[in-house]
Amino acid sequence: MLKRKRNLLSIGILLLITIATITASLWSQTSPSFIDPTLRLLSPSSEHWFGTDHFGRDIFIRTIYAARVSLIVGAVVAVVATFLGTVTGLIAGYYKKADSIIMRIVDGMLAFPALILALALVAALGGSVANIIIALGFAFWPIMTRIVRAAVLQVKNVQYIEAAKTTGASDFVILTTYILPNILSPIIVQGTFTFARAILAEAALSFLGIGVNPTTPTWGNMLQEAQIYISMAPWFSIFPGLGIVLTVLALNMLGDGIRDAFDPHAKKQLKKRKKVSQQKYA
Amino acid sequence: MSQELLRIQDLEMHFPIKEGVLQKTTGYVKAVNGVSLSVNKGETLGIVGESGCGKSTLAKTILGLLKPTSGDIFYEGESILNYNAKQMHELRRNIQMVFQDPFSSLNPRMQVGDIIAAPLKVYKTTKNVKHRVQELMELVGLKPEYYHRLPHEFSGGQRQRIGIARAIALEPKLIVCDEPVSALDVSVQAQVINLLEDLQKELGLTYIFIAHDLSVIKHMADRVGVMYLGKVMELSNNESFYQNAQHPYTNALLSAIPLPDPVKEKERERIVLKGDLPSPANPPSGCVFHTRCPRAQDYCKKNVPLLETKEDGTAHTVACFFPIEHAEQIQK
Amino acid sequence: MLEVKNLKAYIDTPAGIVKAVDDVSFSLKAGETIGIVGESGSGKSVLALSLMQLNPSPPTFYPQGEILLEGKNLLHLKEKELRNLRGNDIAMIFQDPMSSLNPIFKIGTQLMEAIRTHQNINRAEAKKKAIELLKDVGISDPERRMNDYPHQLSGGMRQRVMIAIALAGKPKILIADEPTTALDVTIQAQILDLMKDIQKKYGTAIIIITHDLGVVAQLADKIVVMYSGRIVEEGKTEDIFYHTAMPYTWSLLRSMPRIDTSSRERLIPIQGQPPNLVSPPKGCNFNPRCPFATADCLKIDPSLTERGAGHYAACILSEKTFEEGKLQLENFETKGVPL
């Protein structure tokens with residue numbers, strides 16, 4: 001899958017952002033919350049690559065630091081939602097009786113838009129990174145459940161499952177070694193999409209002012225602060241926005257790439273692929 | 001006298017048909033509708049029938065994958081239907097299955113070695129699993145070097161060998177083969193059939209061999225049973241079955257098989273059955289075959305012919321009121 | 001009427017170029033039945049689809065050859081001309097009649113649609129024709145059946161409907177790709193009978209593609225045996241069965257389970273697996289599995305040579321060596337005489 005340019009590009013973008021945000025304090029002395037009222041709303045320059053905000057803080061540094069929260073929230077939410085969704089989806093898909101109970105709960109939750117659900121939860125729990133993760137994880141798992149369940153239903157009736165049963169394998173073994181590996185690709189793909197959607201959702205919550213504490217730089221918080229300056233200082237909103245767009249785009253491309261690459265047949269063939277032009281034979 | 005390994009008695013397997021919003025049961029598909037058969041140790045019982053005759057359902061019931069509606073199955077004289085989970089687990093070691101489709105019966109993400117090792121790991125029969133797997137691979141004619149390959153790297157015939165290795169891994173007594181060669185190319189079919197026969201001799205296996213192809217069964221089976229709409233129509237030893245088929249349905253089946261011999265093919269008389277198989281949800285009254293039978297009379301519409309069970313398992317029995325007599329056979 | 005000359009049809013796959021049809025020539029006369037026999041991967045289906053120009057292209061391409069239908073080369077026709085030709089001149093039926101019928105339309109609608117694309121007539125006339133066609137293909141109570149959906153019909157009935165649709169344009173050639181493989185034997189017998197009747201009534205030439213030598217023994221005037229993209233033997237049906245000249249055909253006939261042998265007779269398989277089309281063996285494609293292969297067979301790629309009137313085989317062994325080889329092999333198998 002690394003042979004595709006698109007996949008390489010998206011992995012590159014994600015790696016760059018991750019490394020930049022982790023090592024930010026090493027290569028830059030500027031603190032993201034360093035306030036200098038004399039430098040308010042400066043346009044991008046060699047000194048301040050992305051310009052400065054209404055408190056004179058450096059937007060480049062803030063955008064980089066903001067990625068931390070976004071990536072952590074996105075990754076943890078993706079893991080939590082994937083885990084919950086996979087377990088419930090496996091159970092719902094495999095056991096008929098559990099199916100109706102789990103799926104009714106899921107249907108009920110899907111009746112609300114995920115963001116509204118998260119909004120309500122954050123409003124109730126209070127806005128901290130941990131609470132946002134809980135809220136978003138909770139809001140996103142039902143979609144994963146649906147996808148996993150559908151995949152299980154498809155695989156469940158294939159003959160090798162029946163063959164495994166005749167060899168005396170237990171349900172747990174069948175679920176973990178026969179079904180799960182065969183439905184991994186939709187799970188991983190949906191996981192990357194959840195990652196992307198969680199970043200967007202976190203930004204949206206912060207933008208609405210009920211997200212992460214406003215003093216912590218996040219892309220959503222920055223956008224929220226920037227909105228009143230949008231005509232005066234467009235760079236203030238463009239760069240954090242660009243951060244969101246790039247990360248989400250890269251994640252979505254990666255998800256598509258994984259989907260294409262995840263066929264055991266295709267993988268082998270790609271390795272063997274020889275470029276033989278038709279003209280040679282024509 | 002040979003010893004009985006498995007006996008099926010008056011087995012019925014009816015699947016409910018559910019309709020409407022409330023999933024109300026509106027009828028039953030009578031997939032297996034009163035089947036009695038027995039298999040002796042070391043023999044091959046061939047079961048033939050067209051699609052929808054219930055032969056695969058019968059196989060699944062024997063393996064305990066389906067719970068029959070009524071009737072009983074005896075393994076070595078013991079009824080297995082009321083076995084608890086532990087007894088069932090023990091039984092599964094002794095009854096294994098080879099599946100029809102060599103492509104969907106192997107987990108595409110597992111290495112060949114692991115596929116064959118799966119039953120060994122469940123039952124922990126041996127410490128040196130890898131050694132045993134390689135032994136099995138050699139036994140079925142696969143190179144042990146292929147241990148780490150994935151199923152899609154093999155051709156249909158080789159995949160069926162993998163399936164056979166998995167089935168014999170636990171040294172079972174009975175193997176149910178559900179159309180094991182019908183998805184394979186002709187040139188490979190013979191390889192797999194011969195392999196199954198060799199294994200039978202070597203390991204003392206008993207087979208229930210299910211197929212739609214009477215010619216394959218002729219080469220394989222000691223005894224042959226013909227099924228139609230969930231019932232056994234005729235049951236006999238191999239020679240008598242092919243030389244002296246008495247049921248009109250068996251005769252039609254035999255004559256419908258095209259011979260790879262143009263002259264014989266043009267000379268012989270063919271019985272082409274009219275119409276299609278009736279729905280197993282709504283089988284005809286009386287003899288289920290009467291709607292397509294060239295010999296049917298009014299009597300057949302009202303009365304159900306029974307397959308007489310005789311003490312001697314090798315006897316030729318037929319469920320028909322007007323079977324084709326031996327004299328007619330010779331005339332033909 | 002139809003002449004295929006040195007046709008090559010290659011498929012560009014990620015694993016490499018697959019020579020699905022490799023230098024194949026044969027001809028079909030009006031009203032004749034020709035059987036194309038081969039195992040999976042022999043290229044028989046790709047060949048059939050080439051005749052209709054229905055292979056997806058790319059990845060399929062035709063580096064060489066001609067398909068001449070009454071003098072027109074199909075490889076050079078435009079898509080529009082081809083569409084006009086399909087159904088009117090050549091029609092095709094497939095193995096799986098369920099997936100070849102549109103599940104959401106009544107079979108009457110589909111049949112009338114087919115009739116009206118080929119003939120300029122109004123609905124009422126088309127309906128009359130459709131009912132007639134259904135009667136011709138042996139569907140009882142055709143008026144009522146017109147209103148059935150495909151899923152309401154059995155497999156055999158669906159194949160009958162497919163044949164009716166194929167006949168709608170009164171084609172000169174009917175290509176049947178494994179028409180009975182998915183059907184039960186008793187239904188297969190019905191369909192094969194139907195194809196004979198159709199040929200008598202309509203005078204259609206039939207190309208039947210199958211893996212089953214029994215089916216062609218019944219139906220075909222001429223047989224073409226394919227192995228890994230090549231024709232390895234070709235001739236009148238009797239020649240193929242009684243004067244077999246190519247070890248592959250001979251081994252295939254021997255390996256078939258048949259009901260006219262004695263009970264529990266052991267089968268004689270062909271060793272090995274069907275060839276890999278991406279990297280076929282050197283020399284004769286059949287040499288890794290051939291019981292008579294010599295050192296020359298590993299080097300020489302045999303071409304078809306004449307063995308009798310209209311009987312061709314691709315094998316470098318002389319008739320004498322082949323006969324002796326067969327005898328030796330049979331002696332070895334039955335009496336244990338060493339080779």
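Conventions. I worked with a predicted model in which local features need pLDDT of at least 70, side-chain atom pairs count only at pLDDT 80 or more, and totals for chains, interfaces and linings use all residues. Residues are numbered from 1 along each chain as its sequence is written, chains are lettered from A and ligands numbered from 1 in the order in which they are written, and side-chain values use heavy atoms, with hydrogens and water left out.

Chain A. I found 13 helices and zero strands, taking helices (H or I, at least four residues) and strands (E, at least two) as DSSP runs numbered from the N terminus. Of its 282 residues, 49% count as buried, that is, under 20% relative accessible area with a 1.4 Å probe and protein chains only, whereas exposed means over 50%. I noted that the C-alpha atoms of chain A fill a box of roughly 75 × 65 × 35 Å along the principal axes.

Helix α12 of chain C. I checked its length: the 17 residues (319–335) should span 24 Å at 1.5 Å a residue, and the end C-alpha atoms are 24 Å apart, which agrees; the expected span is 1.5 Å times one less than the number of residues. I then looked up burial and found C:F322, C:G325, C:K326 and C:L329 buried in α12(C). They lie on the same side of α12(C), because they cover an arc of only 100 degrees around the axis, taken from the directions from the helix axis to the C-beta atoms. On the other side of α12(C), C:K320, C:L327, C:T334 and C:K335 are exposed. Just after α12(C), I noted a positive phi of about 75 degrees at C:G336.
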